[in-house]
Structures are given as C-alpha cells and as structure tokens.
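Let's take a walk through this protein together, one piece at a time.

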Amino acid sequence: MKYRILVNGSNLAIVKDFLSYNGNYFDCLSTTDAPADLEKHFKLFHPHALLCFVDRIYEGLMDNLNAIRNSSEYNQAPIVFIAKEETANELDQNEVDLVLLRPITTDNIILRLMNYLDGEVVKRSMLLETEKIMVSDIADAPAESSAAEPSAPVAAPSVSAAPADPGVPADSGRKKHILVVDDDRNVLKMLKTALEEKYEVTTTLNGLLVEKVLSAKQVDLIVLDYEMPIMTGAEVYRKIKSNPESASIPVCFLTGVSDKNKVMEIMSLRPDSYLLKPIDLEMLMTAIENLT
C-alpha cells in the first residue's frame, strides 16, 4: 500500500529532496507546523504519519505538535523526527513516536518509514483482533447472580525469584553484536576495526556461513554486502527473513550499485537500511545506532 505522509521541516533542502523522491512509495503533502494548518491537513489528508525534518527544537514546535495530538482531527498517526543526535537528545521520549538520526540518506528514510508503518499496521490489526475477542468474551460470559455468596480470596502461589548473580552483567550492559558479511577481506578488516571498540563484531566472507553464526551467537544487526559470489546478498537476506528465529534481526545492505533499477530492486526487498560503497563510516555508525 502507499502511505500518506504529511511533511514538515525547517531544513528545506532535505524536505525538497524527500518530496521529489517519494512518488514510488508515498503520497506526500507539505505543511507548516502551525496548529491550524496541521489540523486542516489531518482533516483533509488523513495521513498515516507526520514526518518532521528538524534542525533544532525551536520555540513553540513541541507545543504545536502537542496541540495537534489533542485536536479532534488527530487520527493517531505517528510523529516521526529526522534530526541530528544532539537535537534528538533534547526530545522527551514521549513526545515523538520514532526518531531517525542524521546523517541519513533519503532512501534510508523511505525504507525505515515504510518498515515502521508496516509494523504499525500489523500492531493495530492485532489490537483490533484483541478488542474483538474481549468483546466476544464479555458477550458470552454468564451473568453473575446478585445472590451469589462472595467467594473466598484465592492466595496467589508463592514464587521465589532466583537471586541475580552479581558476577554476570545484565543484558543491557552487553555490547551489541554486529555480523558483517562481505566477500572483500579489506572491507571486513576496515569495518571490524571501525566497529569493535563499541560493538562485538563477527565477520564472514560469504553468506553460506551466516546461518551457522546466527545459530551460535545472539546477533543484533547484520551488515550485508549485496553483490557477492556463491550466494548473493539478496539470497542471504531472503533466507534470514524466512527463518522465524532470525526474521526480526535488522539488516543493512552495503552495495556499490548506483543504477536506479538496481536500487529499486534492493528497496523492493525492504531491508532496514542500505548504504552505498565506498563506505561512509559516519553514516554507517548512525545507521547502526538507528537500527539497534
């Protein structure tokens, strides 16, 4: 499906770039952040998301967004910010639904937004099904007799929690584990050197070994070369996503492909992100932070 995106932003260059690229994936409408404009556009456009390209949290911005949240025209569409890390740090986590850190390419904004909204559709569908079941349960439940004697309270079973082992660090303290798959040894060496200070890094030269790594270790993100011999990145990706045990692991493609048809072929797979070679390490680090 095509999602309707309401776009607002103080960074006109990146907004213009996004709007010129959106046709194949979104229907977009530009708006200011004035409450009257937002309310009008929510009423007429019924967006699936409000996308805000923000250079800084200027005075009145969050008040305006809160005003639309409290408006009768608001349809629960998620509010998504595209911002630099220092700007994102000024936000309260309850003020927006998703933050994508810059630097980030337009293609990656599109991919992340599509994947996020797909997830929101599934989530809302599950909530609706749950509500239907609850309503059905209530309708089918026998009426309580007013003359019924109150039943004695039932004591909850006692459960003894195992004491935490002070010698074992909590999961939140462990390094995130990145699996890098590329047929170029120099790329593997460069990425391992760049990432290993902050992350645990495993590298492999071909996709045949990916399943073995995934079965042996907990992996938080896969950085995957798109063009490889023996087993292509697309084949590896489909195998990862078809396995319920690995399907939820985010995948970032690395590729030297710049042909538009090839790029659209990559995006049709709906990876979580993709970056062009030669690799921009700053953009890669930002992509990893966004995905983990």
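What covers the buried residues of helix 3? The cover includes helix 2 (35-45), strand 3 (49-53) and strand 4 (79-84), where contact means heavy atoms within 4.5 Å. Helices (H or I, at least four residues) and strands (E, at least two) are DSSP runs, numbered from the N terminus. This is a predicted model, in which local features need pLDDT of at least 70 and side-chain atom pairs count only at pLDDT 80 or more, while totals for chains, interfaces and linings use all residues. Residues are numbered from 1 along each chain as its sequence is written, and side-chain values use heavy atoms, leaving out hydrogens and water.

Now look at helix 3 itself, residues 61-69: Leu61, Met62, Asn64, Leu65 and Ile68 are buried, meaning under 20% relative accessible area, with exposed over 50% and partly exposed in between (1.4 Å probe, protein chains only). These residues sit on the same side of helix 3 because they cover an arc of only 160° around the axis, an arc taken from the directions from the helix axis to the C-beta atoms. An α-helix has 3.6 residues a turn, so residues three or four places apart point the same way.

Next, find the open sheet of five strands, ordered 7-6-8-9-10 with parallel pairing; two strands pair if DSSP finds at least two bridges between them. Strand 7 (200-204) and strand 10 (273-276) are the edge strands, each pairing on one side only. Strand 8 is joined to strand 9 (residues 251-255) by four bridges, and Ile222 stands opposite Val251 in strand 9.

Finally, Pro229 lies in the loop between strand 8 (221-225) and helix 8 (233-242). Pro229 is partly exposed, with a relative accessible area of 47%.
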